[in-house]
2 protein chains.
Amino acid sequence: MAVDVNGADDPRAAVEGARRAAEGGLDVLLFGDPAVVEGAGVPSVPAPVSVAKDPDPARAVRRHPDASVVQAARAVAEGRADALVSGGSTGAALAAGLFNIKRAKGVHRPALALPLPVPGAPVTLLDVGANDVCRPEHLVQFAYFGAAFASAILGVERPRVGLLSNGTEPGKGRDEVVEAHKRLSEMSGLEFVGNVEGFDLTAGTADVVVTDGFTGNVTLKVMEGVSKRLIGAIRDAATSSARGKAGGLLLRPALGGLREDIDPESQGGAYLLGLRRLAIVPHGSFGARGWEQAIARAARGVREDVIGRTYAALEAAGALRRSPASDPVTSV
Amino acid sequence: MAVDVNGADDPRAAVEGARRAAEGGLDVLLFGDPAVVEGAGVPSVPAPVSVAKDPDPARAVRRHPDASVVQAARAVAEGRADALVSGGSTGAALAAGLFNIKRAKGVHRPALALPLPVPGAPVTLLDVGANDVCRPEHLVQFAYFGAAFASAILGVERPRVGLLSNGTEPGKGRDEVVEAHKRLSEMSGLEFVGNVEGFDLTAGTADVVVTDGFTGNVTLKVMEGVSKRLIGAIRDAATSSARGKAGGLLLRPALGGLREDIDPESQGGAYLLGLRRLAIVPHGSFGARGWEQAIARAARGVREDVIGRTYAALEAAGALRRSPASDPVTSV
């Protein structure tokens, strides 16, 4: 696992997560500021340059071949590591991944997938931000990416895949959604459950939900915003009076499982799917536990061959891109 | 107010809401099954035919000129009523409104607006489902619809209007969003706060949030789903054990305000903006209180001249549609 820690809000926490993963038997190679990555007892490459905060990550990645994320991606591209774990900037990881690790054979576009921290079981939403506009063939491929991910990395046996729309009827939604629905209904090797609506993300209707990167990004942030606002309002209620405080204290143990379920750190972060190797982007705010989880998930993805499974499923379904020239590399 | 009650899950509750509104001094004309609307002491028109459950509302509205929603919309179109209140089916209200009340002069497309029940203050989201795909000029007009609505009906003094995107930078988002951002930045008579993200719907950043009907519909349902799931999880915690129960009981009074804030009935339902008259669609599940609120909101919209204000603002900003032939009536 090539682990770039420069984008973490607290790079020392990221290094601590990597140290724990290494202690647990995983093979880790750290990239980051030598002052932070050295001395943790984990192999490391000094890479002080960071592009994680750059407003134009694609340009920054091109201009700074020595940036930690670029060096880590190159290590994966050259076979010195099997997967990329780069925290804090999905844009930088996407750009470095596309330019160095490159798209897998037959893939139109990579997608960013996020296992949403839903109470009960996570729901993998993709794309959450790599492609603002998607053609039907992109959405079809995303369905296979998501299914392979949920089965290989989350251990879901036959993942049910839904297509996000504004109604469950096959004719509902934008043109590309209607066409993707039609194609997915006729394809093999996929448990396609049809269109799903916004409610379904938290209703247990599907294990994987496919959408374009614009809608997915808005959806994800709406979910985060609503959760935060509601939990904040409940916390306020539980601190507003002596009576409320007592109630909050009594309720706390029963709410422990919920807190764990909706903690984003338990899902490892966002996953960049459709490249020749797996890439994971832990959130910048993650602590050691989130980083350790991201590295463990990456290792599981390698062990379970998520890339090979995705390719085999796309090939069996006839969903591989045919003409390599027809679909330029995504602009990030 | 022309009030069509046939689409209500419980039409008697709708009639009771109308009775209370009439008792409060509002002028109400009921449309619905005579067995339900007669004898409430409110003027009524017998209209037993309902198209509220029809899967193809546009076709149903064309085929059933005697349907309650069509009769109510016609009453508004012909000046026998000032606004339409039709519950249960936004599709039927949209179709009946478009065909009978018709688009206001200079309006490209009507939009469906929903004041989201956010703790603190409602945020008006539009479009939540009338138009799957929007051009920049549609989004620009929606901004003015939303601002006029928030000021006239919700009483917000200078409503801050945001454009929903996947990043706050002006260049973020689909092409039509980037172009709408550019135009809105240069327009007058609007407190445009730029792009807003999914988080902002619950963060108090904007009073009005503009988006296309596909993204808006998904967003709305995601919010509802997350709220329901979280509140359900907290309720489970508060009933799972004696300790949890005691905590829940103690906490309940402090949570009362929150329950009220996030109750959709307090916002009256969805609002169809951009027609020659105001139309409101209470949710099918609303009780008497929600219907009374919808009728009161409709009356306020008439009193505060939301239609006239919208036209004046669009005209002053140069945002009226110029060539009537260029933009066919929305397909619903």
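This is a predicted model: local features need pLDDT of at least 70, side-chain atom pairs count only at pLDDT 80 or more; totals for chains, interfaces and linings use all residues.

Colleague: Okay. What rotation puts chain A on chain B?
Modeller: A rotation of 180 degrees, with 0.0 Å of shift along the axis. The RMSD of that superposition is 0.0 Å. The two copies are thus related as by a two-fold rotation axis.

Colleague: Why give a shift along with the rotation?
Modeller: Because two copies of a chain are related by a rotation about an axis and a shift along it.

Colleague: Which residue of chain A comes closest to the rotation axis?
Modeller: That is Gly247(A), with its C-alpha at 1.9 Å. The same surface also serves both copies, as 100% of the contact residues of chain A recur in chain B.

Colleague: How many residues are in contact between the chains?
Modeller: 49 residues of chain A are in contact with 49 residues of chain B.

Colleague: And how much area is buried between chain A and chain B?
Modeller: About 4500 Å². Carbon and sulfur atoms give 70% of that.

Colleague: How many salt bridges are there across the interface of chain A and chain B?
Modeller: The rule finds 4. One pair in a salt bridge is Lys221(A) with Glu197(B), at 2.3 Å from N to O.

Colleague: Why would side chains pair up like that?
Modeller: Side chains of opposite charge can pair when their charged atoms come close.

Colleague: How many residue pairs are in polar contact between chain A and chain B?
Modeller: The count is 14 residue pairs, both residues at pLDDT 80 or more.

Colleague: Which helices of chain A supply residues to that side?
Modeller: Three of them each supply at least two residues: α7 (175-185), α8 (213-237) and α9 (242-261). The largest share comes from α8(A), with 17 residues.

Colleague: How do the residues on that side divide by type?
Modeller: On the side of chain A that touches chain B, there are 25 nonpolar, 15 polar and 9 charged.

Colleague: Now inside one chain. Which domains is chain A divided into?
Modeller: Domain 1 takes 1-110 plus 274-332. Domain 2 takes 113-265. Their C-alpha centres lie 23 Å apart. The contact takes 30 residues from domain 1 of chain A and 25 residues from domain 2 of chain A.

Colleague: How much area do those two domains bury between them?
Modeller: About 2200 Å², with 57% of it on carbon and sulfur atoms.

Colleague: How many salt bridges and polar contacts are there across that interface?
Modeller: The rule finds 0 salt bridges between domain 1 and domain 2 of chain A. Polar contacts come to 9 residue pairs, both residues at pLDDT 80 or more.

Colleague: Which helix gives the most on the domain 1 side?
Modeller: α11(A), with 7 residues on the side that touches domain 2 of chain A. Both α10 (288-303) and α11 (306-317) of chain A supply at least two residues each there. That side of domain 1 divides into 12 nonpolar, 10 polar and 8 charged residues.

Colleague: Switching to the backbone. Where is there a cis peptide bond in chain A?
Modeller: Between Leu126(A) and Asp127(A), with omega about 5 degrees. Asp127(A) lies in the loop between β6 (123-126) and α6 (136-152) of chain A.

Colleague: What about Leu126(B) and Asp127(B)?
Modeller: The peptide bond from Leu126(B) to Asp127(B) is cis, with omega near 0 degrees. Asp127(B) sits in the loop between β6 (123-126) and α6 (136-152) of chain B.

Colleague: Which residue has a positive phi although it is not a glycine?
Modeller: Lys102(A), with phi of about 70 degrees. Look for Lys102(A) in the loop between α5 (90-101) and β5 (111-116) of chain A.

Colleague: Last one. How many salt bridges does the structure hold over all chains?
Modeller: 27. Among them is the pair of Arg19(A) and Glu23(A), whose closest N and O atoms are 2.7 Å apart. Both residues lie in helix α1 (residues 11-23) of chain A. They are 4 residues apart, about one turn of the helix.

Definitions and conventions. Residues are numbered from 1 along each chain as its sequence is written. Chains are lettered from A and ligands numbered from 1 in the order in which they are written. Side-chain values use heavy atoms; hydrogens and water are left out. Domain bounds come from an automatic or database domain assignment. Contact means heavy atoms within 4.5 Å. Buried area is the accessible area (1.4 Å probe) that two parts lose on being put together, summed over both. A salt bridge is a side-chain nitrogen of Lys or Arg within 4 Å of a carboxyl oxygen of Asp or Glu. A polar contact is a pair of N or O atoms within 3.5 Å; within protein, one must be able to donate a hydrogen and the other to accept it, and residues adjacent in sequence count only if both atoms are side-chain atoms. Ala, Val, Leu, Ile, Met, Phe, Trp, Tyr, Cys and Pro count as nonpolar, Asp, Glu, Lys and Arg as charged, and the others, Gly among them, as polar. Copies are superposed by least squares on the C-alpha atoms of residues with pLDDT of at least 70 in both.
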